[in-house]
Amino acid sequence: MKILLIEDEIELIASIKEFLEKENFLIETAMSFDAALEKVLTYDYDCILLDIMLPGGTGLELLQRLKEEGKKQSILILSAKDSVEDKVAGLELGADDYLAKPFHFSELLARIKSIIRRGKQGGEQVITYKNATLNPENREVRINNQIVTLNRKEFDIFYYFILRPTKLLEKTTIAETVWGDNADQADNLDFIYSQVKNLRKKLKEAKADFDIQAVYGVGYKLI
Amino acid sequence: MSISVKNYTSRYIAVVILIVMAIWALLFYAFMMDEVYDNIDDGLKNQKIEIIRAVYSDSTLLETKDFGINQFRITPSVEKNVPVKDVFSREFIFMPYDGEDEPYRVLRTSFNTADGTPYSLEIRTSTVEEDDYLINLAISLTVLYIVIVLSILMVNYYVLSKAWKPFTRILHNLNEYRFGEVTSFIPVVTNVKEFEVLNANIESMIARNEKAFDNQKVFLENASHELQTPLAITINKLELVLSDESLSEEQMIKIADAKKSLLRMVNLNKSLLLLSRIDNDQYNSVGQVNGNTLLLDIINELKEIIEFKGLSIDVNIQGEFTVNMNTNLASILFSNLIRNAIKYNMDEGKIMVDISVNEIRISNTSNSGALNPDYIFERFYKGKQDNQSNGLGLSIVSSILNKYPFLTLQYLYVDDLHTFSIKK
């Protein structure tokens, strides 16, 4: 999987690159509008992470150029601006998704995977881990090919777990992803705790070959 | 107590005219009386000369012992060689016509006949009735005074009303002016120079203030904006550290706590950014919003957490609430209110949503008493039970509603229920 990261903040590039490489992606970077344009027009990527503010031009201009050249790439906009106009303009110009900075890495990964999945024609849609499969399209979870009924939030949480099995998923990340803003409230963390508890029960009942483990007080991981 | 500028000068004018007229009346009276006595006295002196001449040629006149039709009498002088000196006096003498004593001017003098016999001569003539004169003068002056003052007041009132009309209009327009809306002050067209200057000064003052305010807003937006990148870098670096399996529990908890605080900062920053964007009119596009479906969507989205908190929610729909506003702002608005109703509820509490054509009411039970509606919409105001919120949720709600003057937001505390009502 090859990803192009178009971003001008060196520190951010370093972090994103380190994270995505651990997730077995190949990362190329471009730090200016011109460098990005050249790479975007020359090569094909599974996903392009595009910052809006770039030296030499904006991400929106880059999308415009791509559209004019008739070249289709899967693009995830990463912007510190988080403005509705940019988001709408970006999506209209052919971007696939929009993620506001700052973001959680697990959120970034979920978005990238979803974009790559959608970009693949007739490819494998389901995510598999041990004896479990998860289909993001019809929101179906099967264990040993038996459907496990999960409520909406339990599904969302399980989706994040199965995207990064054996990796730590922090409680705050789960809370923010399933509850949105104001996620750092104590009672929301209790809510997450109860949802994870229910999820574990259901996985156990369905005889899953794995379990969700608490990692100190910080979060959970799928083992 | 303040009085209108129209009456302000009138007071002084009335007093000044009174003083001026009083002084004038005194002088006028003094000069008039002086002139009158001067004339009468001259007449009396003339008469004296004529009488003495007549006496010299006709000594029978010396027998005029009483005032008769001649209005003089001649009496032999007791003293001899009295000096020939004229003495004027004012006396009251009965006048049959009026039936009372009337003032007379009397000239007393003496003369010697040709044979040297001294006689005294008294000549009298009716003179002005000074008190009547004074009363008449006072009455006519009072009438004059009243007429003058009244006409000045009227002229003042009408002329000044007309002259100050642009000013009252400027005052009215200033009252209409709302901060943040440059166009809400309408300058008044006038040909009075002072008001023109006033207009221009007000306009430039407003422009200066608005500019300062705009700069402030842009500054806030940029500052919040610029914070995002370093926050993103820090948070992501901490996430990378957290994924290190060799960390001890203690280290991991500390890093997670640090990240949690940073996330709080991100949320605060996002709220500030949202507030400044609302204030900077960056949510201008307007669409028709169906409050019913929007609220039901939001409630559905939060269903699990409502269940988890053991809250019951009761949606009562009596009509369709539709409104023309920005769709993003509408969902932020209702979502903030519903989230608050969940957040500040109590165990086994209730949330009531009443929707009618003109009103949406969101009520919730709570352990705390009534909130102070003077403060709850203030930025960074925090209630007692609240240590996690950033205190911006309700200010965002009120900022959004400020953009739509046809919507009013009201906080009510009735029957132990906190109620937020949005009315068209």
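Mentor: With a definition: two strands pair if DSSP finds at least two bridges between them. Keep in mind that the model is predicted.

Trainee: How many bridges link strand 9 and strand 11 of chain B?

Mentor: Seven, and strand 9 (residues 359–365) and strand 11 (residues 417–423) of chain B pair in the antiparallel sense. One pair to look up is B:Ile360 with its bridge partner B:Ile422 in strand 11 of chain B.

Trainee: Which residues have the most contacts inside the largest nonpolar core?

Mentor: The general idea is that a nonpolar core is a set of buried nonpolar residues joined through C-beta atoms within 7 Å. The largest one here has 65 residues, and those with the most contacts inside it are A:Ile157, A:Phe158, B:Leu329, B:Leu333 and B:Leu337. Helix 7 of chain B gives the largest share of this core, eight residues. Another core lies apart from it, with 39 residues that include A:Ile48, A:Ile52, A:Leu54 and A:Ala80.

Trainee: What is B:Leu337 in contact with, leaving aside its neighbours within four places in sequence?

Mentor: B:Leu337 is in contact with B:Ile362, B:Val397 and B:Phe420.

Trainee: How many residues does each chain bring to the contact between chain A and chain B?

Mentor: In general, the size of an interface is often given as the accessible area lost when the parts come together. Here we have residue counts: 34 residues from chain B and 35 residues from chain A. On the side of chain B that touches chain A, helix 3 (193–242), helix 4 (249–279), helix 6 (303–308) and helix 7 (327–343) of chain B each supply at least two residues. The residues on that side of chain B divide into 14 nonpolar, nine polar and 11 charged.

Trainee: Turning to chain A, is strand 6 buried or exposed?

Mentor: Read the count of buried residues. Five of the five residues of strand 6 (residues 75–79) of chain A are buried, so this strand is largely enclosed by the rest of the structure. A:Ile75, A:Ile77 and A:Ser79 point one way from strand 6 of chain A, while A:Leu76 and A:Leu78 point the other way.

Trainee: Which strands does strand 6 of chain A pair with?

Mentor: Strand 3 (residues 47–51) of chain A runs parallel to strand 6 of chain A and is joined to it by four bridges; A:Ile48 has A:Ile75 as its bridge partner. Four bridges also join strand 6 of chain A to strand 7 (residues 97–100) of chain A, again parallel. There, A:Leu78 has A:Leu99 as its bridge partner. Between strand 6 and strand 7 of chain A the chain passes through helix 4 (residues 84–92) of chain A, and this β-α-β crossover is right-handed.

Trainee: How many residues of helix 7 of chain A are buried?

Mentor: For a helix the general idea is that there are 3.6 residues a turn, so residues three or four places apart point the same way. In helix 7 (residues 171–179) of chain A, nine of the nine residues are buried. Among them are A:Lys171, A:Glu176 and A:Trp179.

Trainee: And where does strand 2 of chain B lie, in the open or enclosed?

Mentor: The number of buried residues among the nine of strand 2 (residues 87–95) of chain B is zero, so this strand lies largely in the open. Nine bridges join strand 2 of chain B to strand 3 (residues 100–112) of chain B, and the two run antiparallel. B:Arg90 has B:Arg105 as its bridge partner. The hairpin of these strands has four residues between them, and B:Gly99 takes a positive phi near 70 degrees.

Key
Residues numbered from 1 in each chain as written. Chains lettered and ligands numbered in written order. Predicted model: local features only at pLDDT ≥ 70, side-chain atom pairs only at ≥ 80, totals over all residues. Contact = placed C-beta atoms within 7 Å. Nonpolar A, V, L, I, M, F, W, Y, C, P; charged D, E, K, R; others polar. Buried ≥ 20, exposed ≤ 12 C-beta atoms within 10 Å, placed from the backbone. Right-handed = clockwise from strand over helix to strand, strands pointing away.
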